[in-house]
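Here is a set of exercises to work through with the structure open. Try each task yourself before you read the solution.

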Amino acid sequence: MLMQFCFKNVHSFLAALLRWIYMLVSGTQVQQTPVGHISRLKTRTKEQKEGSSTQLTTPSSVNYHFTRQCNYKCGFCFHTAKTSFVLPIEEAKRGLRLLKEAGMEKVNFSGGEPFLHERGNFLGELVRYCKQELQLPSVSIVSNGSLITENWFQKYGDYLDILAVSCDSFNEDTNKVIGRGQGRKSHLDKLHQVHNWCRDYKVAFKINSVINTFNVDEDMTEQITALNPVRWKVFQCLIIEGENAGENSLREAEKFVISDQQFQDFLDRHQSVKCLVPESNQKMRDSYLILDEYVSGFIFSSQHPLSFLLITMLKFFFIFNNVVISV
Ligand SMILES: C[S@@+](CC[C@H](N)C(=O)[O-])C[C@H]1O[C@@H](n2cnc3c(N)ncnc32)[C@H](O)[C@@H]1O
Ligand code: SF4
């Protein structure tokens, strides 16, 4: 009893401290990741929320990469299957509850492929928990789409706000060259099937595309316009040392890299697509702070001097709670 009481109070203390540090780290975005992954922690200033000049910041958005395992082999992937660890579901829920107490409003589940573990039931249970029990305003998923079934939508669709499916090309051969595919299954057929399920089960549909050497000259305007996603996020292929480049990496993504000018040309070609949201390498580097799954080092670094303190606190906070943070 005494132990439980102490733990509870240390939790509350750390939650308060975490919140306080967030207030100091005004405007910083934090991405933590994988094994267990509480991954991107975006902050939103009170000014943004209320239009005032107050500079208070609360953590608002978390990317939780709970698995690194995947059924695809995209050659540029920056979140590779370096471990097979997945937190037990009760631990994952406990971490999510703590984040909610620290101010989280939005959660996004990613990976690896989030539908792979326990055939999507682990993911479904977390989605249900975040919407029904934590009552988060926004619960979303980023997936390659391949393992999604209608049955999943029937069971968990009510609890999901947004589903983003990754698609880098509307040419099936290009998808194959990239590695976005499994066997002879068509990635594009699946994309359309999931799009239809999102419509039927009233889940907002988004698309993510990574622009790289193999699709940089493509014009996707017609297909994206026809699919009409609520948002089309367009990433410039990013290199992360140790993940998709360098020693001990599981991918060698250098051959996928495009220049800033090539990325800009792609954006210019698609300027008529109003839902397009670009994420250049620069934007990603400035926005995220990423820890590896053992919270042992930075992959990117935030420019804010207090970030180190923030991450140290997060590390302590989650290790104390048996939750491993990583990217
Ligand atoms: C790591 S994946 C995990 C979720 C899921 N497996 C998928 O592919 O959508 C999350 C997002 O990161 C994108 N991504 C992966 N490698 C990238 C890279 N090197 N540069 C930019 N984005 C990348 C993917 O396309 C996807 O939209
Ligand atoms: S980007 Fe490709 S390889 Fe990486 S996790 Fe997503 S589907 Fe898997």
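**Exercise 1. Find which backbone oxygen the side chain of His65 reaches, and at what distance.**

Step 1: Locate His65 in strand β3, residues 57–65. Strands (E, at least two residues) and helices (H or I, at least four) are DSSP runs, numbered from the N terminus.

Step 2: Follow the side chain of His65 to the backbone oxygen of Gly111, at 3.0 Å. This is a polar contact, meaning a pair of N or O atoms within 3.5 Å; within protein, one must be able to donate a hydrogen and the other to accept it, and residues adjacent in sequence count only if both atoms are side-chain atoms.

Step 3: His65 and Asn108 are 43 residues apart along the chain, and their C-alpha atoms are separated by 8.4 Å.

A note on the model: it is predicted, so local features need pLDDT of at least 70 and side-chain atom pairs count only at pLDDT 80 or more, while totals for chains, interfaces and linings use all residues. Residues are numbered from 1 along each chain as its sequence is written, chains are lettered from A and ligands numbered from 1 in the order in which they are written, and side-chain values use heavy atoms, leaving out hydrogens and water.

**Exercise 2. Decide whether His65 is buried or exposed.**

Step 1: Recall the cut-offs: buried is under 20% relative accessible area, exposed is over 50%, and partly exposed is in between (1.4 Å probe, protein chains only).

Step 2: His65 counts as buried because its relative accessible area is 6%.

**Exercise 3. Work out which backbone atoms meet nitrogen atoms of ligand 1.**

Step 1: Start with the surroundings. Ligand 1 has 20 residues around it (a heavy atom within 4 Å), and the closest are Phe76, Gly112, Ser166, Arg180 and Leu238.

Step 2: Check the distances to nitrogen atoms of the ligand. A polar backbone atom of Phe76 is at 2.8 Å, one of Phe78 is at 3.2 Å, and a backbone N or O atom of Leu238 is at 2.8 Å.

Step 3: Consider the cover. On its own, ligand 1 has 550 Å² of accessible area (Shrake-Rupley method, 1.4 Å probe), and the protein covers 95% of that.

Step 4: Ask which elements give two or more residues to this shell: they are β5 (138–143), β7 (204–211) and β8 (231–236).

**Exercise 4. Identify the residues with the most contacts inside the largest nonpolar core.**

Step 1: A nonpolar core is a set of buried Ala, Val, Leu, Ile, Met, Phe, Trp, Tyr and Cys residues joined through side-chain atoms within 4.5 Å.

Step 2: The largest core has 53 residues, and Leu96, Phe109, Ile141, Leu163 and Trp232 have the most contacts inside it.

Step 3: Helix α4 (residues 121–133) gives the largest share, 6 residues.

Step 4: A second, separate core has 12 residues, including Tyr72 and Phe76.
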